Amino acid sequence: GHGEQVNFFGLVAIGFVKMVRPNSSGTELTMEIIGPGQMVGVLGALEGSGCPLMAYGLTDTAYLKIPKERWLAIYEESHLLKDRLLRKTALRMHQKLDFMAKLSSGRAEERIAAILFILAESYGEVDGRMLRLNLPLTRQQIGEMAGTTTETTIRVLSKWSQEHLVDTERHLITILDPEGLERKLR
């Protein structure tokens, strides 16, 4: 739970996890989507802080529960592990900064397009000219990440669907025309 001290962190093996932050109005904001091979709570384990976010499975999810104490002992002895974690963390921080920069300016359309491209970087699969996002997302979750309402997100995605920029079958989004969608960011 939010702010709690736990004696483990997780490594997602299968599925996708939504990381959320409660806000003052009692709702939750989606901050990040974590997928296979990514860790949940490892930075809190290193710095001894609690969990700043809460995790919910977006799909059927399996994760490895890694005991903090045992892992920290191995971590302290391994330069290779420290190097790999530092590189992964730096990459994730760069992605977060890029994410925040794209979300801090622009119209709702631009922010939604930025979210789709950022998610495609981590969870996309190239299929010819198309980019298929291999994670199920609701319009509400996309709106939360883009800082806009569910209604606006529905309207934008419907418009893009009619313009043949995206396909939104069964909560799976395919960017049909990445170049056309990229123009929405300018």
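**A sheet and its core**

Visitor: Which residue in S3 is the bridge partner of Val20?

Guide: Thr30 of S3 is the bridge partner of Val20. The model is predicted, so local features need pLDDT of at least 70 and side-chain atom pairs pLDDT 80 or more, while totals for chains, interfaces and linings use all residues. Residues are numbered from 1 along each chain as its sequence is written, and side-chain values use heavy atoms, without hydrogens or water.

Visitor: What makes S2 and S3 a pair?

Guide: Pairing requires at least two bridges found by DSSP between two strands (DSSP E runs of at least two residues, numbered from the N terminus). Six bridges join S2 to S3, so the two strands pair under that criterion; they run antiparallel.

Visitor: Why are S3 and S5 described as standing at the edges?

Guide: The open sheet has the order S3-S2-S5. Strands S3 (28–34) and S5 (54–57) each have a single partner strand, so one side of each lacks a neighbour in the sheet.

Visitor: What makes a set of residues a nonpolar core?

Guide: Its members are buried (under 20% relative accessible area, 1.4 Å probe, protein chains only) Ala, Val, Leu, Ile, Met, Phe, Trp, Tyr or Cys residues joined through side-chain atoms within 4.5 Å. The largest such core has 26 residues, of which Ile33, Leu116 and Trp160 touch the most other members. Helix H4 (108–123; helices are DSSP H or I runs of at least four residues) gives eight residues, the largest share. Another core, of nine residues, lies apart and includes Ala45, Ile66, Trp71 and Leu72.

Definitions and conventions
Buried means under 20% relative accessible area, exposed over 50%, partly exposed in between (1.4 Å probe, protein chains only).
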